[in-house]
Amino acid sequence: MALCGIARCPNWDRAAIPIQSFNSSTRLVRLTFGPLMGKIGYSSRILRSRIRFSISSKNATPLDSEERASDTFSDSFEEELGHVMKFKMSDFEICDRVSIGLSGRADEVVFEAVVKDVDSPLHNSRVLLRRLTSAQAQRRGKRAIEVLKKLARRRLMYHSYSMQVHGYVDPSSTGDYGSFTLVHGYHGSFSLRHWLQQSDWLPTLEATLALDEDSVRRVGDDTVGGPAVSRQLRLTRILMRDLLIGVNYLHSHGLAHTELRLENVHVSPVDRHIKVGILGNAADFYDDNPSNNSMDANMDRRQMMIAFDMRCVGFMMAKMVLQELMEPFIFAKFKSFFTKGYDPSCLREYLLQSLGRNSSSGNAGLQILDRNWGAGWNLLSLLLASKPSERISCLDALRHPFLCGPRWRVEPSMDIIRWGLGSTAVRITEEYIYGPQQRSRLAHFIELMEMLNPHSKPKNWRGLLLGKWRLLYSTGRHIGLTLRQPPARVLIGDVHLTVKTTSKFCTTFSFTSEISFTVLIGHNWPHDKAGVAGKLGVDSCFRLTAGKRQYLKEEKETNFLPSSSNTADSIVKKLSGRRWRKAIPFKEFPSSLPVAKLVSNEIEVAMSLNDPLAKNVDAAKNAVHEVRTQVPPEMFDLSKLVCGTYVDSRLLVLRGVSGSALFFTRTCANEL
């Protein structure tokens with residue numbers, strides 16, 4: 001059987017622990033601990049104990065302090081808890097299982113018990129007795145009962161998505177007035193953290209939830225028993241939707257959970273619902289302090305508390321999808337990404353470098369988040385947004401495409417459309433080998449992104465342009481597998497563009513192009529890529545001004561030439577289709593689009609090459625020539641960058657004088 005809580009105890013052979021018994025006298029309870037049972041029950045480690053009561057021949061006299069506490073047990077306390085059931089310890093048959101509380105709390109002891117009172121509506125029901133000893137633990141227990149009183153109007157919803165609290169044990173029946181014993185529901189299952197730590201958690205949890213055709217239809221995925229990625233995605237949708245419904249139920253009643261963690265969430269096999277733990281730390285949205293009773297103060301408090309809960313839900317979703325985050329070290333590294341102030345929309349670029357290389361789960365989590373045009377990354381970034389005001393609410397999250405699936409037709413917002421276009425373009429660039437179809441789709445997606453640019457004015461670029469960007473693709477240069485026989489074989493590494501401000505009013509920026517490469521030496525270069533490392537850097541200053549990108553069919557003189565003569569015609573033809581008709585906010589193709597024009601100053605070029613090629617001028621020339629052949633010319637001559645046509649918190653598109661588009665993604669590689 002299972003217990004609610006986490007016990008972190010060594011494998012004791014015998015231990016005599018003096019605790020207060022549940023009758024009027026003081027007894028010594030001797031616990032004989034068997035072998036460690038492993039990860040059983042709600043907790044990650046539960047000890048099965050055989051309890052032997054050693055009762056002295058003479059009952060101990062009650063303490064004077066207990067008598068005084070009995071006299072001072074006021075009627076106001078019973079009046080306050082009058083809406084729940086009051087039990088006596090004689091109503092229960094204590095089982096031979098014991099655990100300490102959630103997350104190893106030493107001030108909580110949890111017992112399994114069966115209600116034996118024939119007059120009780122819980123007769124023969126299994127419950128958990130949580131004995132709370134410290135003042136803080138007792139406050140949590142009494143607060144859980146207060147929350148039940150507020151949610152009693154819709155008790156069915158409360159029982160569906162929260163752990164049931166039946167009542168408390170009358171202290172006069174135990175003689176122990178220094179503790180508070182809470183009686184709450186027993187669901188006979190694990191915590192969500194325990195589920196995810198099992199080696200066979202996916203099929204076992206599917207069987208526990210009894211996923212059938214109806215469950216699959218409700219969650220919006222028609223794939224039954226498919227590959228592991230589809231199955232895990234379906235299960236994640238079910239758990240997340242259930243969790244969000246329960247959290248929204250609390251928020252709609254003016255309460256914030258404030259303690260949402262995997263350890264505090266359970267899966268009940270009885271009704272197949274997610275159960276959030278005892279609401280002992282639930283907080284009210286509205287402060288009772290008369291000095292802070294203004295409308296604005298209450299709204300700010302409500303927004304901050306909802307945002308805190310949603311951030312906790314985001315961390316839970318990340319652990320459900322990315323199993324690697326269950327490791328404390330990796331999760332601490334994951335949280336450091338947010339503490340350093342990085343935008344959550346760049347989370348994919350960050351995790352690909354830390355999880356993608358040696359992923360124990362075969363990148364299943366990354367594939368789940370990449371599906372449906374990267375909808376999972378979008379939801380995760382909204383749940384973990386840096387500003388509390390930008391975090392998504394429960395109702396909006398339930399309508400998000402990631403949780404709705406292909407069968408639930410939701411009307412995507414313009415932000416979702418932009419996100420999907422950018423995510424798909426990034427995925428195509430990762431294919432490495434570009435055929436004509438991939439090149440055509442990439443050019444098409446970049447054109448669509450430029451038309452949907454949310455920040456067309458230069459003043460909007462001043463805050464978004466700063467940072468480090470990694471070059472993903474250029475529409476004007478395609479170097480892949482080739483039959484060329486270059487004088488120097490060069491393997492291109494990362495190509496970065498770093499933008500910094502040089503003026504107080506952010507009107508002048510310094511652009512630094514950094515190109516890392518490796519010169520391969522010898523005849524064994526197809527198998528041995530350990531060559532001579534080199535780096536090339538270009539610096540220049542730019543000013544931002546307003547400009548326009550013209551689309552003229554007949555006139556040849558244009559401010560900024562498109563990538564091809566029939567660009568406008570092809571875009572008009574594709575935008576007239578049913579897929580993009582509702583997405584594009586233009587009834588007819590515009591003749592021009594606003595852009596941020598880049599005006600450059602002087603350019604400085606520097607190159608470093610390690611030995612032995614550093615002393616060979618001809619070898620260095622050949623290496624530079626090959627680098628210039630493979631890398632877009634705009635990265636060597638920054639003055640050829642004419643305008644910026646798209647920018648957001650994670651993606652950037654710059655146009656060159658030839659009309660080619662350079663596609664960048666924001667990176668934080670130095671922070672790994």
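Modeller: Buried here means under 20% relative accessible area, exposed means over 50%, and partly exposed lies in between. The model we are looking at is a predicted one.

Biologist: Fine. Which residues sit on the face of α20 turned away from its buried side?

Modeller: That face of α20 carries the exposed residues Val617, Asp618, Lys621 and His625. The buried residues of the helix are Ala619, Ala620, Ala623, Glu626 and Val627, and seen down the axis of α20 these fall within an arc of 130°, so they line one face of the helix.

Biologist: Why would residues a few places apart point the same way?

Modeller: An α-helix has 3.6 residues a turn, so residues three or four places apart point the same way.

Biologist: And how many residues does α20 have?

Modeller: Helix α20 covers residues 617-630, which is 14 residues, and from its first C-alpha to its last it reaches 20 Å, close to the 20 Å expected at 1.5 Å a residue.

Biologist: Staying there, is Ala619 buried or exposed?

Modeller: Ala619, which is found in helix α20, is buried, with a relative accessible area of 15%.

Biologist: How many residues of α15 are buried, then?

Modeller: Helix α15 is mostly covered, with 12 of its 16 residues buried. The buried set includes Arg418 and Trp419 as well as Gly420, Gly422, Ser423 and Thr424. The helix runs over residues 414-429 and reaches 23 Å from its first C-alpha to its last, close to the 22 Å expected at 1.5 Å a residue.

Biologist: Switching to helix packing, at what angle do α11 and α12 pack?

Modeller: Helix α11 (residues 347-354) and helix α12 (residues 364-383) pack at an angle of about 135°, and their axes are 11 Å apart. The two helices are therefore oblique to each other.

Biologist: Which residues make that contact?

Modeller: From α11 they are Leu347, Arg348, Leu351 and Leu352, and from α12 they are Leu366, Asp370, Trp377 and Leu380. Sorted by class, the contact has six nonpolar, no polar and two charged residues.

Biologist: Where does Asn124 lie?

Modeller: Asn124 lies in the loop between β6 (108-115) and β7 (126-132). It has a positive phi of about 65° although it is not a glycine, and with a relative accessible area of 48% Asn124 is partly exposed.

Biologist: Now Ser179: what is it in contact with?

Modeller: Leaving aside its neighbours within four places in sequence, Ser179 is in contact with Arg131, Leu132, Thr133 and Gln138. The residue is placed in the loop between β8 (165-169) and β9 (180-185), and Ser179 is buried, with a relative accessible area of 9%.

Biologist: Gln138 came up there, so which residues does Gln138 touch?

Modeller: Not counting residues up to four places away in sequence, Gln138 touches Leu132, Thr133, Gly178, Ser179 and Phe180. Gln138 is found in helix α3 (residues 135-150) and is buried, with a relative accessible area of 14%. Gln138 and Leu182 are 44 residues apart in sequence, and their C-alpha atoms are 9.0 Å apart in space.

Biologist: And Arg193, buried or exposed?

Modeller: Arg193 is buried, with a relative accessible area of 13%. It is found in helix α5 (residues 192-196), and Arg193 touches Leu262, Glu263, Lys319 and Met326, once residues up to four places away in sequence are left out.

Biologist: Last one, on the whole chain: how many helices and strands are there?

Modeller: The secondary structure of the protein comes to 20 helices and 21 strands. Of its 672 residues, 49% count as buried. Among contacts with a separation of 6 or more, 70% are accounted for by residues 24 or more positions apart.

How values were computed: Residues numbered from 1 in each chain as written. Predicted model: local features only at pLDDT ≥ 70, side-chain atom pairs only at ≥ 80, totals over all residues. Heavy atoms only, no water. Axes fitted to C-alpha atoms, helices over the stretch in contact; angles between N-to-C directions. Helix = DSSP H or I, 4+ residues; strand = E, 2+ residues; numbered from the N terminus. Parallel < 35°, antiparallel > 145°, perpendicular 65-115°, else oblique. Contact = heavy atoms within 4.5 Å. Nonpolar A, V, L, I, M, F, W, Y, C, P; charged D, E, K, R; others polar. Expected span 1.5 Å × (residues − 1). Buried < 20%, exposed > 50% of the residue type's maximum accessible area, 1.4 Å probe, protein only. Arc of directions from axis to C-beta.
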